[in-house]
Amino acid sequence: MDGKLFTSPLSTLESAKLRSYSLSKFSSYKPNFSQERMYLTHGVAHSCSFKRWRLQSTSQSQSLPLLEGEDRQKWETCQQSLSILNFSSEEADVILGKAFGWRHSPFWGEEKTKEVPKSESVNETLNYLRQLGLSNDDLFKLIKKFPEVLGCCLNDDLKVNVGILERDWGIEGKTLRNLLLRNPKVLGYNVDCKGDCMAKCTRCWVRF
């Protein structure tokens, strides 16, 4: 039966080699599809992973305000103010969301109510920080680390706290700049429990 499989003339040695592969070996041969399955599996995995990423991204965008009309224009104007600092529109959305109560932030806890940001307020905060010696690159780093700074009150939080640092701690100039880059949350402190906890740890001077 093996001989019928190979009808072309072959040398004795070649015939012996071919006959050594019996039909049982050919019938037991199974193509190795493991790599193909792995490839397909990875393909599906990558596809699923991509879908999960898209779903998460969609979920994140839905957690941001769906504003219309004048409110939407205010939001986009604030986005433009942040684009000067090289933030993308997506990054600006996250920053504004955390600063103005549209995204959860441990810094605010439950005290921050949702509000539509105003470009005047955002720009005043940015300009004030520039007056403290912070460059646009510095502002990028500071806001990335502490986006909530844009939602802090300029007069009641930022200016008061900078005054405390200068008056009580003697921190100003380059030393103040370095401190703000290292610990920008100090700009948002609004309570000093003096060791008697008031359950506002994220905004307490005891952290300083």
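**View 1. Asn136 and its neighbours.** Asn136 touches Ile84, Leu85 and Arg130, leaving aside residues up to four places away in sequence; contact here means heavy atoms within 4.5 Å. This is a predicted model, in which local features need pLDDT of at least 70 and side-chain atom pairs count only at pLDDT 80 or more, while totals for chains, interfaces and linings use all residues. Residues are numbered from 1 along each chain as its sequence is written, and side-chain values use heavy atoms, with hydrogens and water left out. Asn136 is found in helix H8; helices (H or I, at least four residues) and strands (E, at least two) are DSSP runs, numbered from the N terminus. With a relative accessible area of 31%, Asn136 is partly exposed. That term covers the range between buried (under 20% relative accessible area) and exposed (over 50%), using a 1.4 Å probe and protein chains only. Along the sequence Asn136 and Leu85 are 51 residues apart, yet their C-alpha atoms lie 5.8 Å apart in space.

**View 2. The whole chain, for orientation.** Welcome to the wider picture. The secondary structure comes to 10 helices and 0 strands, so there is one pattern to follow along the sequence: α-α-α-α-α-α-α-α-α-α. Buried residues make up 33% of the 208 residues in the chain. Of the contacts with a separation of 6 or more, 57% are between residues 24 or more positions apart. The accessible surface comes to about 13900 Å², and 53% of this belongs to carbon and sulfur atoms; such areas come from the Shrake-Rupley method with a 1.4 Å probe, and for residues only the protein chains shown count as cover.

View 3. Which residues of H8 are buried? They are Asp138, Leu139, Leu142 and Ile143. These residues cover an arc of only 120 degrees around the axis, which puts them on the same side of H8; the arc is that of the directions from the helix axis to the C-beta atoms. The face turned away from this buried side carries the exposed residues Asp137 and Lys141. Packed against the buried residues of H8 are H5, H6, helix H7 (119–131) and helix H10 (173–182).

**View 4. The largest nonpolar core.** In soluble globular proteins, nonpolar side chains tend to be buried together. A nonpolar core is a set of buried Ala, Val, Leu, Ile, Met, Phe, Trp, Tyr and Cys residues joined through side-chain atoms within 4.5 Å. The largest one here has 39 residues, and Leu82, Leu142, Ile143 and Leu150 touch the most other members. Two or more residues of this core come from each of H5, H6, H7, H8, H9 and H10. Not counting residues up to four places away in sequence, Leu82 touches Phe87, Ala92, Ile95, Leu96, Ile143 and Leu150.

**View 5. Helix H6 and its cover.** The buried residues of H6 are Ala92, Asp93, Ile95, Leu96, Gly97 and Ala99. Their cover includes H5 and H8. Just after H6, Gly101 takes a positive phi of about 85 degrees.

**View 6. The loop between H5 and H6.** Asn86 is found in this loop. Is Asn86 buried or exposed? Its relative accessible area is 60%, so Asn86 is exposed. Most residues other than glycine have a negative phi. The phi of Asn86, however, is positive, near 75 degrees.

**View 7. Aromatic pairs.** The structure holds 4 aromatic pairs. The ring centres of Phe87 and Phe140 are 4.5 Å apart and their planes meet at 20 degrees, so this pair is stacked. Phe87 lies in the loop between helix H5 (69–83) and helix H6 (89–99) and Phe140 in helix H8 (residues 136–145), so the pair links distant parts of the chain, 53 residues apart. Phe87 is buried, at 5% relative accessible area, whereas Phe140 is partly exposed at 24%. Phe107 and Trp108 form an edge-to-face pair, 5.0 Å centre to centre with 75 degrees between the planes. Rings of Phe, Tyr and Trp (its six-membered ring) pair if their centres lie within 6.5 Å; planes under 30 degrees apart count as stacked, over 60 as edge-to-face and the rest as tilted.

**View 8. Around Trp108.** Both Phe107 and Trp108 are buried. Ring pairs link Phe107, Trp108 and Phe146 into a cluster. The charged end of Lys112 sits over the ring of Trp108, 4.4 Å from its centre; this label requires NZ of Lys or CZ of Arg to be within 6 Å of the ring centre and within 35 degrees of the ring normal.
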